[in-house]
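Here are my notes on the model, point by point. Please read them with the structure open.

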Amino acid sequence: MKFLKVALAAVLCLVVVSSLQAQLGQTGSIRGRVLDDQKTPLPGVTITVTSPALMGKQSVVSAADGTFKFPPILPPGVYTVVLELPGFNTVKREEVIIRVGVNVDLSFEMSQAALSQEITVTAPSPVVDVISNSITQSATTEIIKTMPFANRDVWTFVSATAAGVVGNRALIHGEGAATYTFKVDGIQSNASDQNWPENSIDMETVEEVEFVTGAVGSDQYGARSGYMNVVTKSGGNEFHGAAQFYYTGEKLQEVLSTDEQLASLGLTKPAFAIYNYDASGTLGGPILRDKLWFFASYKFLSNKNATSFIPVTIAGVSHESYDRIETRPYFFGKLTFQLSEAMKLFSMLTYVDNKINHYYTGWNLTASASAINRPIQYTSSNGLTWILNPDTFLDVRAGLYIQDWTGRYTAEAVPGPRFNDSFTGHIWGNRGMQEYTYKQNLNVAVNLVRYQDDFLGGNHEFRAGAEWARIQGEWGYWRDDPLNWTYYNGNPYSYRGLYNLSTPHPLYGDGLLNFSAYGTVRGDSQQIGFGHRLGLYVRDSMKIKDRLTISLGLRFDKMWTHIPTQVKGAAGGSLAAAIGDYYFVPAFGFNPFKELTYEGWENCYPYNALAPTIGASYDLFGDGRTALKIHYGTYFDPAATGTWSGLQPSGPRTFNMYWTDLNLNGQPDAPPVDSYVIPAGTNPLTMLSTTFKQQINSDLNNPYTREVIAQVEHELFPHLKVGLNFIYRDRKDFTAYLNYDQASGTHWNLLEQHPEWWVPFTTTVPAYLGFPAETVTVYYRKLTSPATFTVLTNVPEQKFRYQGLELTFSKRMHKGWSLGGNFNYSYQWNNGSFTNPNTRVNAETRAGIPWWAKLYGTFKIPYGFILSFIYTHTEGGYWGRSVSVSAPTAWIQANGVASGSVSITIERPDTRRNVATDNTDFRIEKEFPIGNIGRLGVFADIFNLFGSVYPSIVVNPAGTWSPVDNNSSVGTYTPGQMRVTGISGVRSYRFSIRFNF
């Protein structure tokens, strides 16, 4: 009978809505114990919780040992807890605060009474979670509403306030942004092609944000570095809403460098807002009181920002500054149904349509080479929870994230080649390709939670679940002219310019050209990948003697992958096709610039992952104020379609060519009018279906991270929590595309594997400015080495370690003020890349950011004003000097090596540090009551309050070193262009008005 109930619930969920989402992971829970005044456990006590966030009430009954627990289905908010038992005084406790993913542990004492009366207990809500061992941080409604976030998105909250996170979607305890799971109302919404979190979520629709940066449970897939869960707002039994308008403009931007200072540096003004306004409205309330509620929002954002492009004249054509223009309408809708006292259902949908002109910007990127981007996003998350009995509940969920993105040429784009200058860095002509992406991430899951007391020496919370996901990723590209033309310091003959020649270089000719092999219209060339994943997990949280909680988890994921059959269109124009017929057909038997057909590939990428986790949390003094926590876990990389679809030969393949302008007309002509040389090692054969399926090792192991965390959390004062966290992570089973010889069946990416295919060249790079001379040995590839063919395989030699220590504190709003902050120290080490012998030179390095600090707070001051601020300090990252070593022609010919320069790091990459940065943002706000209607708030934000100014400087001279011979310190050093490329330093003022009711 119980099985039929469970099966019926799952079917009902799937029929009622097209996709259903779990309450798990977007809610918190309350646990506790009830004693009488003689400290004896009280069974049979009815405990009821109510809250505007709950849209109703929930009740449980205490067990024989006096313990009680509410399942983790309580939305974040402020709760009232009432305890009732005949013959005892009713006990009431108010202002119990529930946060997402947090377990609140409460203790109550009830006294017998001849006449029942209600006793209100006044006590601060606990701030320490003594049950969970995760590192969890939350952005509450208060933080979202009051903090001066420059961008109204969830990423700004994380980068500005979260411990362990440095940069915007950058590093989380040493791991990149593509390594954490992003959820909206509990539904995974990472981009399917690269696993990046890309959703546009309006902060006016967010109730709370939970960000877990360590000790993630086994119920989460792909959370190698953690996960973020965005909980959206819901309706209620009372109508509520808001209207808000943000604005800033050119006259509210204070550029902190004078025109004279900018002119002396050859710079334009730093990027700033010409106008930026953001108008939104929300409305929520009952459709059927106590049964059906709604919440809806509409937002329109429009902005125009000056870019940092420095005007320049190239080949007689003037390129002026340009602006970045964006419009973004945003719709959000959510329905919540109370189907019965034990069943609740909701359905949510967001729609965003971004239009961005000149999306790509930079000091060196002309308007013609930028793009018009239009990403359209849909996010759907829906869900049902069914409380089967006081100890068991079922959760069925499903959700869908779609992004449909198109990138087009700008109005300034020039038909013909795309140009870049390798010395000045300027890029002009056009974007080089028009493109689209389509990403779809569909998730369906069933979770069962069961509480079992007095079993195997403790009280248990068992969780088990199954998840099915389908991901689809497409990337398509097309262009009319396939030519990419490299200049050097204004010279279209790049090698003449680089080597200061008046005639062609004996090995490289006049210049470097690159030809794209893809087609001319949308659909001609694209990479498409599919994946179907099955995930299973079990998890047990066992509480022993009310002090110790032990968590055990195990997760298994398996994926089936697919690449469909594709047809690659012919490249545009006649030049590339003529080069293909003249040079490639005789050498390789086919023309890569003409139409090609590729067969599909089933199960192209193996993915099997078995990941255990174990942790413990100990209530040190038994008062719920101090917790010691420890955790170990294994976390596998999430699978993204780009990993296998990128192998598809129809990808954006390009070929370098050494060009000699035989007729000296300054334009590339079809051979034999002009001459072209295919660089040694070029292997177009990987574009054929007969070879591309050999480019993944069938025994590939999935990369994973091992994590050890130790924590202590302590309630220093009521409402104030401090914590100290130690995090250790290391990476295993790195993967990379390594050189592989098909004839011998061996790799040759390292010197010791096949030394006969590499020739060493030792030289001393001269001192330059403040940089000392450095002796370095580089390796040139023999002409007798195999053609380039790479295989995705594991790299057992590659290592990565992260050790972090973070001090955190959080004082929630009480008596008119709140304060939070953290200090983070990290030691991040890796031993570099293993793709060829040159990547092993000066490879081992300390990386990342050594330390950073954050501080934020809100203060209610006299006359009803509210002040808020965010301060961040970030130390500079590491870098080391690099150079390209160009061996002399005579040595190249005598040793039979491939021509070309070899790029090398000539000192350890952690030799030098970039400059540290500081920033403070500030808000002042005042609210006015509008009768019984609502409240009107007026506030002003000041970004970069203290006027920090930081130049962007190319400090690495890099360039090219051309010695006269092996083991020589004599030669010609041509440094790269060291210059100030831009400068930050704008104090920005933004004003807003907000009406709440």
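Which residues of helix 3 are buried?

1. Helix 3. The model is a predicted one. In it, helix 3 covers residues 154-161 and is mostly covered. Val154, Trp155, Thr156 and Phe157 are buried, and so are Val158, Ser159, Ala160 and Thr161.

2. Overall make-up. The chain holds nine helices and 65 strands. Of its 997 residues, 56% count as buried. Contacts with a separation of 6 or more are 73% between residues 24 or more positions apart.

3. Dimensions. The radius of gyration is 31 Å. A compact globule of 997 residues would have one near 30 Å, so the chain agrees with that expectation. The C-alpha trace spans about 110 × 65 × 50 Å along its principal axes.

4. Strand 28 and its partners. Strand 28 (residues 418-421) runs parallel to strand 32 (residues 483-487), with four bridges between them. Strand 28 also pairs with strand 29 (residues 427-428), here antiparallel and through two bridges. Strands 28 and 29 form a hairpin with five residues between them. In the turn, glycine 425 has a positive phi of about 90 degrees. Please look at phenylalanine 419. It stands opposite tryptophan 485 in strand 32. Its bridge partner in strand 29 is tryptophan 428.

5. Aromatic pairs. The count of aromatic pairs comes to 48. In one of them, the ring centres of tryptophan 485 and tyrosine 487 are 5.8 Å apart. Their planes meet at 55 degrees, so the pair is tilted. Both tryptophan 485 and tyrosine 487 are buried.

6. A pair across the sequence. Phenylalanine 761 and tryptophan 891 have ring centres 4.8 Å apart. The planes stand at 75 degrees, so this pair is edge-to-face. It links distant parts of the chain, as the two residues are 130 residues apart. Phenylalanine 761 belongs to strand 47 (residues 758-765), and tryptophan 891 to helix 9 (residues 889-895). Phenylalanine 761 and tryptophan 891 are both buried.

7. Ring cluster. Ring pairs also join Phe515, Tyr582, Tyr583, Phe584, Phe588, Phe593, Phe655 and Tyr676 into a cluster.

8. Charges over rings. Which ring does the charged end of arginine 496 sit over? The ring is that of tyrosine 493, with the charged end 4.6 Å from its centre. Arginine 840 lies over the face of phenylalanine 834, at 3.7 Å from the ring centre.

9. Glutamine 694. This residue is in the loop between helix 8 (689-692) and strand 43 (704-717). Buried would need a value under 20%, and exposed one over 50%. Beyond its neighbours within four places in sequence, glutamine 694 is in contact with Gln742, Phe789 and Val791. Valine 841 lies 147 residues from glutamine 694 in sequence. In space, the two are 29 Å apart, C-alpha to C-alpha.

Notes
Residues are numbered from 1 along each chain as its sequence is written. This is a predicted model: local features need pLDDT of at least 70, side-chain atom pairs count only at pLDDT 80 or more; totals for chains, interfaces and linings use all residues. Side-chain values use heavy atoms; hydrogens and water are left out. Rings of Phe, Tyr and Trp (its six-membered ring) pair if their centres lie within 6.5 Å; planes under 30 degrees apart count as stacked, over 60 as edge-to-face and the rest as tilted. Buried means under 20% relative accessible area, exposed over 50%, partly exposed in between (1.4 Å probe, protein chains only). A charge sits over a ring if NZ of Lys or CZ of Arg is within 6 Å of the ring centre and within 35 degrees of the ring normal. The radius of gyration is taken over C-alpha atoms; the globule rule is 2.2 Å times the number of residues to the power 0.38. Contact means heavy atoms within 4.5 Å. Two strands pair if DSSP finds at least two bridges between them.
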